[in-house]
Each structure stands twice: as C-alpha cells, then as structure tokens.
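Look over the sequence and structure before reading on.

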Amino acid sequence: MQLAIHQLLPTYFEESSTLTSEIWGRELHFNSNEFIKIVAPSGSGKSSLINFMYGMRKDYTGSISYSGKNINQFTLEELARYRRDHISIVFQDLKLFADQTVQHNLEIKRQLNPYHPAEKIKEMAERLGVADRLSYKCGVCSYGEQQRIAIIRSLLQPFEILLLDEPFSHLDNDNSEKAMQLMLEESRARGATVIFADLERSEIFPFTRLYHL
Amino acid sequence: MAISFKPIRPLLQTGTSPWSRWFSYIGLALGVLLLLCCVQMYVNMQKLTKEANIRKNGYDYVAVTKNVSGETTSRPEQNMFSQQDIDEIKGQSFIEDVAPVIANQFRVQLSAGELLPFQTEFFIESLKNDFLDTIPPSFSWQEGQEILPIIFSTDFFEIYNVVFAPGQSLPQFSRKNAAGIRFLVTCFGNGQQQNFVAQIVAFSDRVNSVLVPESFLTWANTTFGSQKPFAVSRIFIKTKDANNPDLIRYLDTKGYSINKEKTILGRNKMLIQNVLSGLGIFGLVVVILALMLFSFYLQLIIARSKDNLSLLLTLGYSPRWLSRNVSNRFLPVYISIVVIALGLTQFAQWAFHHFVMHDKPELSPFIHWSILVAALLLIILSLVTNYRLVRKQLYKLN
C-alpha cells in the first residue's frame, strides 16, 4: 500500500502557496507504518488536505493516488470500498448521527467491515471514559465525549491509512494521551500509516515525519 | 458477514404523517386488483367464445356473400366476387383459405319419376372438397358416369319435410329413405340435353345448397354453359376463429355479409374486449399513478434523510447496497398488496363462475396462470422503478 500526492494544490489557493508549503505542489509518498504529522495554522488547508485524501472533495489540481490508482477516478462503489476497507478518518466536525445512541453510531460503522467483535466497543469506550454514554444519544454528549466516540468509530474497521483532523481539539491532556495510545496500538496492529493534522506540534504523537503546510 | 440493514432503518425518516403512504398503498391495491380482474375476464371471454363454436379440424368455415342493396339490385354483377376480390380476401392474415361456390351456368331440371310426381327448374353448385363437412367416398364423378352424387343441405331437407311436403300432399322422408330416391337431373344448353340419375349421398350442416362434385360441374359448365367470365355470388372462408374481431371488422369494412349467428359471439366479444381494454387501461393508469405517488413518498423520505444517507456514504456504505436495501424495505408491502389483490381476483373469479356462469364446465373457478405472471411482473416493476429512483437520488448525494 502507498498513498501518494502529486503536485497537489486546492483550486482556491494561489500558486504562490507552493513556495512556502512543504505539502502543496510537492511530490510525497506515505508508506506503511509511518506516522506523519502535518502542522499548520487555521485556514491553511489542513481539513481540505484530509478531505482530499479521503476522497470527499475534488476541488484541487494535481492528484492523489492509492496503490498507484488516482482516487479521483474511483467509481462510487470503489470509493465506498476504499473507505470501508483501506482508509479511516476522524473528522474535525466528527460527523456522528446526533439522533442515534453512541452504541448505535459505533455499530453502524463496525458492522460495515467488522475488524473487532461487538464487545470491543465497550472495552474501547471504557478506556476512553465514555462507557457510561453508550446508551445516550450522541447529540446530548459533550463535544469532548463526541470526539472520543468519533475516535473509537475510526478504529472499528480495517485500515491501512488513518487520517486524523485535529482529533484532540476538545480533549484535555489526559484524555488526549489515552486516545493517542489507543490509536497507536490499533494502527501498529494493522501496520497502518497515520496522518495527523493539527494546529501545533504536539509531543504526544510520535511522528516519523513532520510537514508544515 | 452480510451487512445488516437493521441499524440503518432508524436513519430513514418517514415523517409523521402516514397519509401519503396509505393513499399510495390503497391506490396501488385498487389498480392492481382492477388490472388482474380485467386480465382474468379477458381470459374467461376467450375461453367462452372458443368453446361456443362448432369447430372441425380446428377451423371455422363460414359462407360470405356481398350485401345486396337497393343500388345493386339492378346491377347483379356488383353482388358477385371477382377473382381479384377472392385474392384480396385470401391475403388477409386471419383467413387460412377461400373457396368460391361455383353455380351452374346452364339450365337444369329436376324430376323424381313416379314416386314423386313433380318437375322443377333447379340449381346445383360445387365447392372444393376441403370445405365440406361430410364427404362420402361415393361423392365423385367421372365423364361418362350416369350416376350423379349429391350432397343435400340439412336445412333444405328440413324445409321439404316440414313445410313443402305437407302443403303439397307429398310424402315425407327420413334421411335414410331420401338417400334411396333416384332423381332425374336434366341438363340443357348449347343445343344439347343429357339426363343423369342423381342420388343423395350425404347431408351437409354447413353448406345450404345442392352440391355436386366439382369435376361434374366443371365439365357440365363447359359442355352446356355459356362460358361467362368468372364470377361467384358466394364464397366460403376457412379461418381459425370466426369470432376473431379482426375478421369481423374486415368483413364489415368491405360490406360483406356473413351468417350473423356464427359471428354474434364475435361481435359481443369485440364489444366486451373494448370495455375490458378500457378498464384494463384504467387499471394500469391507476397502478402507474400509485407508483408515482409512492415514488414521491420515497423521494420525500430520501430528502428528509439526506444528511443521514450522505453520512452513511461518507462512512463507506455502498450506494448500490443502500439503494437495494432502501427500495427492498417496501418489498413486504408490495407483496402483501399483490397477494391481497390476487386473493380478491380469485374470489371474483369463483363468484363469476358460480353465480353468473352457474358452474359452467368450460370455465375454471380458479384464476388463470397468466394472472400470477401479471402479479409477479407488477412486483418486479415496482421494485425496479423504486431501486432506480433511490439509486439516482443517492448518487446525487455522493
């Protein structure tokens, strides 16, 4: 598996962005077992980059390839398989079903391609301190709790790439560390690449490469 | 492991008002019922009209003449069929064969010797053997043969026995006796005269005439006849179904006359067919309207659940799987509707058979297999239209 970006630049960015960025307009290859940290201030395109790699947006020039195939040319079914089997994500805006319970939210993702048995949901929820929220609707959970739920959801499927878009923005240090620990364990178990986009350089993510956007 | 639709079902928001759904269910049920009943009645009618015909060798043989009107009375040639007319009739897809009834073109006189003291001017005709209902082996003639076999119309025979003989104080005959009588047929023409001994060899229910073998009339017309151009006043047609509406329509258009009794069923059938077609089309329109209403309802569900469905796709759910499962969600409803309509159609058929047709054996009290096929097709049609609609909507979301 290899995820690669080739001369990537959002269509709404100036060409001059490529002069200062270590990502835009460059040729980059991300391999298995790599931990990639991307640091950038607000508005510099972190979420755009994560969404591009997840195949959610196409408003860019250049290309992104997964195992040599341009993800922009995936059919809708191929894209669904890509998301189900190969790539997982923690969205900045979490994207949970607010009217459904935490347990239901997690089961919806787990059953799609069960990497873990159903019992693992409770175990992970206990580790991240949200086990007592499993029967609550997501909409009534705090943002910090929702963030942990979104993290657990991302770990219930098989993946070769894990995309994290400011996953700890509403978590305290203790909870961030617990969540990071869980994500690292799960990623290592799969030999996956983790691409972590954040506002600042954080020491809790043991990155192997660092890029400034 | 197969993905379960159970956790997905609560994400589809059906809205609070079930009215539109129930309206479409009821509309669909009525439309399907109307359609199935029409198909069943159509099948019933086909069976009834088929059984009502006396058919031989699977064909009907019907005499056709031209309508004699006030205008054509003085111009008899207009009441005759030309070779061109016959060729045109033969060319119709619903007519298997045509045979002209050839008449004598010379003077014929009939007498019965001493047994029946009478003498009358007479006529004889001939028709292709294929078109005759009874042909005994003795019905043939060769030049030089004195005995002339005759096939006599059953109707004529009955008129003689019931009307003519009592009025004229003549003896009545059984069929067997009549076959034993020797008549004297005298042909005149071209300065010649020749006697033949005629004998009834068979009776015909089909042809109202006095028929002689074709070979005799061909010879006699040449020998005694005036060699007029080909023209016949009556033809017989051979058809698979004398009640075929296309045939009746064609004969009506051309102004040809046909035995009304033979086609009365056909004429009624045509009328009922039109009524049933109208009802069937109405049923189809109701089905289509109900399906449309249902598709609006589905679109409403999709519009209301847009965010949830979009998120499912984002999470990696296949649009094809989702389309199939969202549309299949209504499969039990469709099957229930069609099964109820089938049950009601079966009941209607039983009631029709029992109360209207008084358990007539030609008709079955059970629905025809084509009704089951139609029901199955309706279920498939609704599933396919729903699947396509949902898929289209979901692809728009992605």
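The sulfur of B:Cys37 lies 7.1 Å from the closest cysteine sulfur, which belongs to B:Cys38. That is too far for a bond, because a disulfide needs two cysteine sulfur atoms within 2.5 Å. The model discussed here is predicted.

**Cysteines**
- B:Cys37 counts as partly exposed, at 24% relative accessibility.
- Over all chains, the disulfide count comes to 0.
- A:Cys138 is likewise in no disulfide. Its nearest cysteine sulfur is that of A:Cys141, 5.5 Å away.
- A:Cys138 is buried, with a relative accessible area of 1%.

**Ser88 of chain A**
- A:Ser88 sits in strand S6 of chain A, which covers residues 87–90.
- Is A:Ser88 buried or exposed? A:Ser88 is buried, and its relative accessible area is 1%.
- The A:Ser88 side chain reaches the backbone oxygen of A:Ser154 at 2.6 Å.
- Leaving aside residues up to four places away in sequence, A:Ser88 touches A:Ser154, A:Gln157 and A:Phe159, along with A:Ile161, A:Leu162 and A:Leu163.

**Confidence in chain B**
- Chain B has a mean pLDDT of 83. In chain B, 90% of residues reach 70 or more.
- Which element of chain B has the lowest mean pLDDT? Helix H2 of chain B (residues 70–73) does, at 67.
- Helix H9 of chain B (residues 306–315) has the highest mean pLDDT among the elements of that chain, at 93.

Notes. Residues are numbered from 1 along each chain as its sequence is written. Chains are lettered from A and ligands numbered from 1 in the order in which they are written. This is a predicted model: local features need pLDDT of at least 70, side-chain atom pairs count only at pLDDT 80 or more; totals for chains, interfaces and linings use all residues. Side-chain values use heavy atoms; hydrogens and water are left out. Helices (H or I, at least four residues) and strands (E, at least two) are DSSP runs, numbered from the N terminus. Buried means under 20% relative accessible area, exposed over 50%, partly exposed in between (1.4 Å probe, protein chains only). A polar contact is a pair of N or O atoms within 3.5 Å; within protein, one must be able to donate a hydrogen and the other to accept it, and residues adjacent in sequence count only if both atoms are side-chain atoms. Contact means heavy atoms within 4.5 Å. pLDDT is the predictor's confidence in each residue, from 0 to 100.
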